[in-house]
Amino acid sequence: MTIGPEGHLPANTDANDPIADTIATRERTGNVRRIVIYAGDYLNRLSGESIERECRRRLNDGADEIVVNFSRTEVVNSIGISILTGVIDAAAMANARVIFTEVNEYTAELFEMLGLTRHIELYCKKD
Amino acid sequence: MAVAGRKNTLSRCASDGEFIGRERLFAELITHSTEGQGGIALLAEPGGGATELLFQIFDTLFSGGGNTVPVYFSFRHSGAADELAGRFVRAMINQTIAFRNSSAKLLRAGISVEEAIKLAPAGDEPLLRCLWKYHRPQFKLRGPLSDQRSAFSLLSRAFEAAARAEAAGLDFTLLLDDVHLAARGFGYAAFQCLVESLNFGGVRYIMTGYRRFLYNAVNVPFRPVSRLGFREATQATGSIAGRLGIHLPDDVRDLVAERLRADLPLIEAYFRDASDRTTAIKDFRNAEQHYLRQIFGGRSAKIIDERMSYAVDSEREIRAVLTIANKLGDDPSCRIPIDSFARDFGLKTKRAQRLFARMNEIEFLNCGFGRISIPAGDSPQKDRLRIRYKLEIGSENRALLFGKTLLTRLKEAPHLMERRYRATHCLSLVDLLKMFSGRRAVPAALLDYGKFAAEFRGVPDSEIIGDLQNGPLISVPMIVFATATENIYPPISNSLLREMSAVGFGLVNSDDGSSRDEIWLVAEIGSKLEVGRNEAEFWCDRLEMAAIMSGFPTYRIWLISPEGFDDEALASLALRGAIGSSRRQANLLWRFLAGEFKTPEAEDNFEEFEITIPMEDNAELIAAGIAEELAKRHNFDAKSINQIKTALIEAFINAAEHSFSPDRRVHQRFRVNDREFRAVISNRGIRLSDARSQAKGGHSRRRGWGLELMRRLMDEVTIEETDDGTRIRMTKFAARPA
């Protein structure tokens, strides 16, 4: 599966921004309307809700595929993860796919532990 | 106990070595007497030797070469208020002068205050003259109860002498003996007023009085002075006998100590009478015969009757006490309501309540919640009451009663000692259970005899200790109160000695961090071989009955036998959720709980950090960062470090999210070495389990993930409820190379 340019931060992103700074890029591959959201370095309540809000807005706009990019994410907490379940629910209601990309191995283990991986596609970071 | 350089002035002990036990308390009291401030109350068990303790303090200060003047004053033989007031001021003055002149003779010289003041050093004379002039009683009372207000005024004035001396800079310590007699003689209000005047005046003092009186009567730090333990009591008995020139074999010495229940004044009286009558105490027959003589009317009987006079005011009250003691018999579970007894006996209720409250203070009877009972076990007091009842109310023939009682006593004596020896060698189960107060888990092999026998039979202790470090653990409750089973279920005494069964009231953590009650009932049972199924079930039934009759909802039975239990017995215990251990396991458990198994290396290598972080946005990352640094320094692998960080973040979030903490702080303690990372995260506020129970029903999908993550990421996680918050303990063991 080709994820495309969402694997990299868009040029207008400040990589040092400490909060989740949900940055979304939008692209169309074939007939799929894909939205790519970049999570911040710490996935907590604030950044999780920011991602959730952005996802819901894009799903309302007709996105078919939500890609959450965790390339910058080093630490996650259970509240942040639990909010992602809201994203998954909303996507399921809209018949959209959810893909988590560039997830570090430790975060992937947490997603696995809490059962998120049953509902999403997950791609880990390449070392 | 030896006190270097001390000469006897008041002490009855012939030599320093004769004062036995209480080393730590004595040292503390000496320090208080010379450097301390304010008062200390010694809560004395009647007959425990508190007076001699004060004498020892007095003698040490008197001849120790220091500057502190010891002033001893006893409320015994108080007489009228004016006599007592005069005696107190005289004691202050004369003892100060005796101390300044280093003359013990002056204490006993019987000279007048005016003569004594002439011997005072020039520096002290004005103060001492002033004390006598302004604080001695200015008038005489006609009788102790004739004029309460005048008595009160005299006593207050006299005791203000101490405050005045303190204000004038005299360095002294008051040693007040038998203070319960002050309340008895002049009323509780007068006693309170005396104590307040000492406290208000900043006077340094040590007071002793009956513990059941003093406990609620004064608001100063207190220390208990109980009777000596059996071993020390036998030493004291031998020592007193030796001082009075009586030589007795060890077994007889032990019998006397046990029969007189380590009551030192009674032991002294026993041997003094024997010495006066030149009675040889060579064997059990002599000892018992002399004991009965004492109880029928010797010096010991006089002491017991004197103690009883603290409680009774009239012949009618004496008869009431003797009658009720006889009704109660030997059954400590029997409780007679004061009201109904007073009605039957024709005593006014208030008078009966006062009478039995005082009988409770001298510990002849127990009195509480309007009911009277008799203390468990034999005692000279009980014997005296019984004999007096039979002679004075039953009008029995004295010689016949003596002969019959002596025969019974002689038959009983070996059994009395057998019970004592058994009790001395048993495990002290109450103390063992109390040691569970800070533990939540212990090595399973220390409790479960099946595991122990399979792994450690025949293995030396030193090897077992090493192996236990890595063995599986078993949860134990945090015991908050432990007592002899006999105290909650007296019939157990028909099957087991008091010391051989105990009950511990504990709390155990549920999986969600909340606490629930769990009561442990433990018994030490005798057996030469591994206990079989029938015997194990017999003892389980006994303890189960105690649990049911006491209304324990959840309880656990724990049996300890010298040689453990056979397989059938263990299977039977397992069916009841009971535990079976051997005596050796219990001894090892004791050592484990006392901290003996911690190897010095393991302790020394720990790095320890404490940090308190405010509950602010993203503050959890600070804790995680510190933990990461610590773990890196001890070579934890990256995965473990990440797991520790995440678990810590979750613990922090739990505290911040749910606690409504009043101080908004999270306290974290890390102990790290190359093998393990231990973290304790605690906070004040609503406890985690309470917060979870209130949150039930909403957002269920998002609840509980934090705890789940902590448990899965760390190797050990314990959630504890503290008095006012939550404490989470977590341990991560370093990954070992494959």
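Two strands count as paired if DSSP finds at least two bridges between them. Strands (E, at least two residues) and helices (H or I, at least four) are DSSP runs, numbered from the N terminus. In S18 of chain B, the bridge partner of B:Val672 is B:Phe677.

This is a predicted model: local features need pLDDT of at least 70, side-chain atom pairs count only at pLDDT 80 or more, and totals for chains, interfaces and linings use all residues. Residues are numbered from 1 along each chain as its sequence is written, while chains are lettered from A and ligands numbered from 1 in the order in which they are written.

**Sheet in chain B**
- Five strands make an open, antiparallel sheet in the order S16-S17-S18-S20-S19.
- Strands S16 (607-614) and S19 (716-722) of chain B stand at the edges with a single partner strand each, so one side of each has no neighbour in the sheet.
- From one strand to the next, the twist averages 15°. Angles here run from 0 to 180 degrees between N-to-C directions; axes are lines fitted to C-alpha atoms, for helices over the stretch in contact.

**Strand pairs**
- S17 (residues 665-672) and S18 (residues 676-684) of chain B run antiparallel, joined by six bridges.
- Nine bridges link S18(B) to S20 (residues 725-733) of chain B, also antiparallel. B:Asn683 has B:Thr726 as its bridge partner in S20(B).
- S19(B) and S20(B) pair in the antiparallel sense over seven bridges. They form a hairpin with two residues between them. Here B:Thr718 is bridged to B:Arg729 in S20(B).

**Helix packing in chain B**
- Helices H11 (residues 230-243) and H13 (residues 264-276) of chain B pack at about 35°, with axes 9 Å apart.
- B:Ala236, B:Thr237, B:Ile240 and B:Ala241 of H11(B) meet B:Leu264, B:Ile267, B:Glu268 and B:Phe271 of H13(B). Contact means C-beta atoms, placed from the backbone, within 7 Å.
- By class, this contact of H11(B) with H13(B) has six nonpolar, one polar and one charged residues. Ala, Val, Leu, Ile, Met, Phe, Trp, Tyr, Cys and Pro count as nonpolar; Asp, Glu, Lys and Arg as charged; the others, Gly among them, as polar.

**Contact between chains A and B**
- Chain B contributes 16 residues and chain A twelve residues.
- H29, H30 (638-658) and H32 (705-713) of chain B each supply at least two residues of the side that touches chain A.
- H30(B) gives the most to that side, with seven residues.
- The side of chain B that touches chain A has six nonpolar, four polar and six charged residues.

Key: Two residues are in contact if their C-beta atoms, placed from the backbone, lie within 7 Å.
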